[in-house]
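Open the model in your viewer with the sequence panel alongside. The stops below can be selected one after another.

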Amino acid sequence: MAGDKPMAEAIQAMWKDVGINGKVEVVEYSVRAQMNKDKTFKGLWWSDPTSTLRDPDGMMWRLLGPGGPQDYWRHAEWDELGNTARFSVDEKFRGEAYKKMTKIFLEHLPWVPILQPYEDYGVQKYVEWTPDPLQQLEIRRFNFKFRRA
């Protein structure tokens with residue numbers, strides 16, 4: 001993605017300031033895909049975890065679940081919750097399961113968070129619109145309306 005290399009170099013410099021020596025390597029997409037498949041990454045690598053399904057399962061379980069592309073960490077309770085929630089149609093249960101999975105994830109933190117993007121949106125006072133947490137521009141009638149004067 002645009003800006004990945006300069007960002008990695010800036011982070012590398014900041015880590016060097018605190019005694020962590022690193023090396024930035026640019027990897028071709030096909031090589032990255034193969035490394036991801038084979039789980040042969042050395043060190044750290046960029047990821048922008050998000051849901052492909054507009055559902056916690058589309059991020060948490062798809063990426064971190066057994067056999068997922070980021071299956072580098074296992075926790076028995078987390079796995080059980082994810083596997084059960086994935087197939088449940090009980091919205092309340094699923095919500096509670098993914099909240100518990102988030103708590104377990106944050107306790108063990110198998111990722112190294114580098115940044116959390118900040119998104120700003122501006123609209124005129126006569127526009128009713130709510131931004132989407134997945135950065136999708138949702139302008140269908142249920143989410144985008146003009147107020148009458």
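Start with L115, which is partly exposed, at a relative accessible area of 47%. The model is a predicted one, and the values here are computed from it. L115 sits in the loop that runs between helix 5 and strand 1 (127-129).

The C-alpha atoms of L115 and K37 lie 25 Å apart in space, with a separation of 78 residues in sequence.

Keep L115 and now select M7, L44, V112 and I114: together with L115 they make a nonpolar surface patch of about 430 Å². Of these, M7 belongs to helix 1 (residues 4-17).

Nonpolar side chains tend to be buried together in soluble globular proteins. Here, select M60, W61, L64, W73, W78, L81, A85, A97, Y98, M101, I104 and F105, the twelve residues of the largest nonpolar core. Colour helix 3 (60-64), helix 4 (76-87) and helix 5 (91-108): these elements each give two or more residues to the core. Helix 5 provides the largest share, five residues.

Finish on W78, a member of that core. Which residues does W78 touch, leaving out those up to four places away in sequence? Show the contacts of W78 and you will find M60, W61, L64, G65, W73, M101, I104 and F105.

Technical notes:
Residues numbered from 1 in each chain as written. Predicted model: local features only at pLDDT ≥ 70, side-chain atom pairs only at ≥ 80, totals over all residues. Heavy atoms only, no water. Core = buried A, V, L, I, M, F, W, Y, C linked by side-chain atoms within 4.5 Å. Buried < 20%, exposed > 50% of the residue type's maximum accessible area, 1.4 Å probe, protein only. Helix = DSSP H or I, 4+ residues; strand = E, 2+ residues; numbered from the N terminus. Contact = heavy atoms within 4.5 Å. Patch = residues over 30% accessible without salt bridge, like charges linked within 9 Å, V, L, I, M, F, W, Y side chains within 5 Å. Areas by Shrake-Rupley, 256 points an atom, 1.4 Å probe, with all protein chains shown as cover. Salt bridge = Lys/Arg side-chain N within 4 Å of Asp/Glu carboxyl O.
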